[in-house]
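Hi everyone, thanks for coming. I'd like to walk you through one model today, helix packing to begin with, then the domains and the ligand. Let me put it on the screen.

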Amino acid sequence: MDVVTGAFSFTGRAIAEELLARGRGVRTLSRRAAADGDPLGSHVEWAALQFSDRAALVEAMRGSDVLYTTYWVRFERGGSTFARAVENIRVLVDAAREALVRRVVHVSVSNPSESSPFAYYRGKALAERVVTESGLSFAIVRPTLVYGSNDILLNNVAWTLRRFPFFAVGGSGAYRVQPVSLAEVASLCVDAGADGQSVTFDAAGPETYSYAELVRLIAAAVGRPARIVRLPGAVVLGLAKVVGMISRDVLVNGEELGALRAELLCSHEPLRGSGSFAAWLDGAGQGLGLRYASELERNFRSYEPL
Ligand SMILES: NC(=O)c1ccc[n+]([C@@H]2O[C@H](COP(=O)([O-])OP(=O)(O)OC[C@H]3O[C@@H](n4cnc5c(N)ncnc54)[C@H](OP(=O)(O)O)[C@@H]3O)[C@@H](O)[C@H]2O)c1
């Protein structure tokens with residue numbers, strides 16, 4: 001039995017599916033129970049993801065071998081802050097130790113740094129420190145930009161391309177991204193769970209594109225012209241805010257645009273992923289961006305801050 005946070009969400013779902021495919025039992029810690037008709041619902045045990053009742057967390061993890069942590073917040077809003085998320089990870093990891101979990105596989109992000117200008121990346125570095133200083137055996141997996149079914153960011157690039165006559169990129173659009181497939185991230189996590197050594201590594205795919213190229217590929221996949229307009233970052237952010245007001249969401253924020261331009265979604269390590277983003281788009285592109293995927297709807301509005 002292993003425990004995965006967020007088995008009915010994005011990365012946690014892929015990890016749970018990979019564990020089940022390898023014959024492991026899976027328990028999830030999640031705010032949400034499985035939706036009606038979710039095929040994972042009958043295969044995954046559920047316990048509430050919360051951080052105020054440590055004893056319940058310990059109980060939920062007792063008897064399990066590996067804890068896979070995907071929990072994080074995409075941006076700060078109300079009581080959901082990065083500092084709070086770091087402390088919540090501390091509670092989770094401490095509870096795992098008390099429950100005698102053998103190992104933690106923690107999903108982080110490429111290029112975290114405690115001195116990053118971006119709060120998200122500083123928070124991720126601090127969360128990593130919680131894991132590395134926990135005394136537990138650990139693997140820290142740092143994905144770049146994850147693509148797969150039910151993602152939010154790439155889906156909404158496609159949604160924007162489908163609905164607007166042009167697509168605005170900040171600056172030259174020449175900054176690089178190195179997407180990695182969701183299935184490969186999950187597989188790397190589960191491989192890492194089976195090991196014993198404490199390790200930290202990036203999960204990145206084999207293809208590197210400029211952001212403008214990535215947008216062009218997505219445009220081709222959804223059958224739209226790629227009319228890319230290069231604008232100052234502040235103007236792009238302003239346009240994103242207008243779209244966000246229409247969609248009642250945060251389409252993309254200044255930190256995310258900044259991290260993109262700083263090429264933090266690229267790895268500087270030997271490759272671990274082999275899946276082609278272009279090939280995935282060939283298959284998945286037609287369905288991409290048909291509907292807007294709302295971060296606020298999915299992760300904020302229905303829940304109290306943890
Ligand atoms: N998506 C990417 O491209 C990408 C790239 C690099 C790194 N990562 C990292 O991968 C991990 C998983 O990300 P993901 O994209 O798969 O996200 P996700 O599925 O939306 O969320 C992962 C987990 O965090 C919880 N969560 C999300 N937003 C929350 C909020 N506002 N308040 C409380 N809990 C919240 C979810 O809880 P519930 O199960 O209760 O919904 C879920 O367990 C994160 O650590 C992220 O930093 C993602």
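Let's start with α3 and α4, whose axes come within 9 Å and cross at roughly 15°. Angles under 35 degrees count as roughly parallel, so α3 is roughly parallel to α4. The crossing of these two helices is right-handed. Before I go on, please keep in mind that this is a predicted model.

Who makes the contact? From α3 we have Phe-82, Ala-85, Val-86, Ile-89, Arg-90 and Val-93, and from α4 come Ala-119, Tyr-120, Gly-123, Leu-126, Ala-127, Val-130 and Val-131. By class, the residues of this contact of α3 with α4 are eleven nonpolar, one polar and one charged.

Now stay with α3, residues 82-98, and look at its other partner on my list, α2, residues 54-61. Here the axes come within 8 Å and cross at roughly 55°. That angle makes α2 oblique to α3. In this pair, α2 passes α3 in a right-handed crossing. On the α2 side you can pick out Arg-54, Leu-57, Val-58 and Met-61, which meet Val-91, Leu-92, Ala-95, Ala-96 and Glu-98 of α3. The contact of α2 with α3 has seven nonpolar residues, no polar ones and two charged.

Helix α7, residues 211-222, packs with helix α10, residues 277-284, at an angle of about 25°, and their axes are 9 Å apart. That makes α7 roughly parallel to α10. Once again we have a right-handed crossing, with α7 passing α10. Leu-217, Ile-218 and Ala-221 of α7 make the contact with Ala-278, Leu-281 and Asp-282 of α10. Five of the residues in this contact of α7 with α10 are nonpolar, none is polar and one is charged.

Let's zoom out to the domains. The domain assignment gives domain 1 as 2-144 + 181-203, and domain 2 as 153-176 + 207-300. Taken over C-alpha atoms, the centres of domain 1 and domain 2 are separated by 26 Å. How many residues does each domain bring to the contact? It takes 17 residues from domain 1 and 17 residues from domain 2.

Let me show you the domain 1 side of that contact. The elements giving two or more residues to the side that touches domain 2 are α4 (119-132), α6 (182-194) and β11 (199-203).

Last stop, the ligand. Which residues are the closest to the ligand? They are Gly-6, Ser-9, Phe-10, Thr-11 and Arg-31, and the ligand is surrounded by 24 residues. The elements that give two or more residues to this shell are α1 (11-21), β7 (145-147) and α11 (295-300). The shell around the ligand divides by class into 13 nonpolar, nine polar and two charged residues.

That's my tour for today.

Notes
Residues are numbered from 1 along each chain as its sequence is written. This is a predicted model: local features need pLDDT of at least 70, side-chain atom pairs count only at pLDDT 80 or more; totals for chains, interfaces and linings use all residues. Axes are lines fitted to C-alpha atoms, for helices over the stretch in contact, and angles run from 0 to 180 degrees between N-to-C directions. Helices (H or I, at least four residues) and strands (E, at least two) are DSSP runs, numbered from the N terminus. Angles under 35 degrees count as roughly parallel, over 145 as roughly antiparallel, 65 to 115 as roughly perpendicular and the rest as oblique. A crossing is left-handed if the near helix is turned anticlockwise from the far one by less than a right angle, and right-handed if clockwise. Two residues are in contact if their C-beta atoms, placed from the backbone, lie within 7 Å. Ala, Val, Leu, Ile, Met, Phe, Trp, Tyr, Cys and Pro count as nonpolar, Asp, Glu, Lys and Arg as charged, and the others, Gly among them, as polar. A residue is near a molecule or strand if its C-beta atom, placed from the backbone, lies within 6 Å of it. Domain bounds come from an automatic or database domain assignment.
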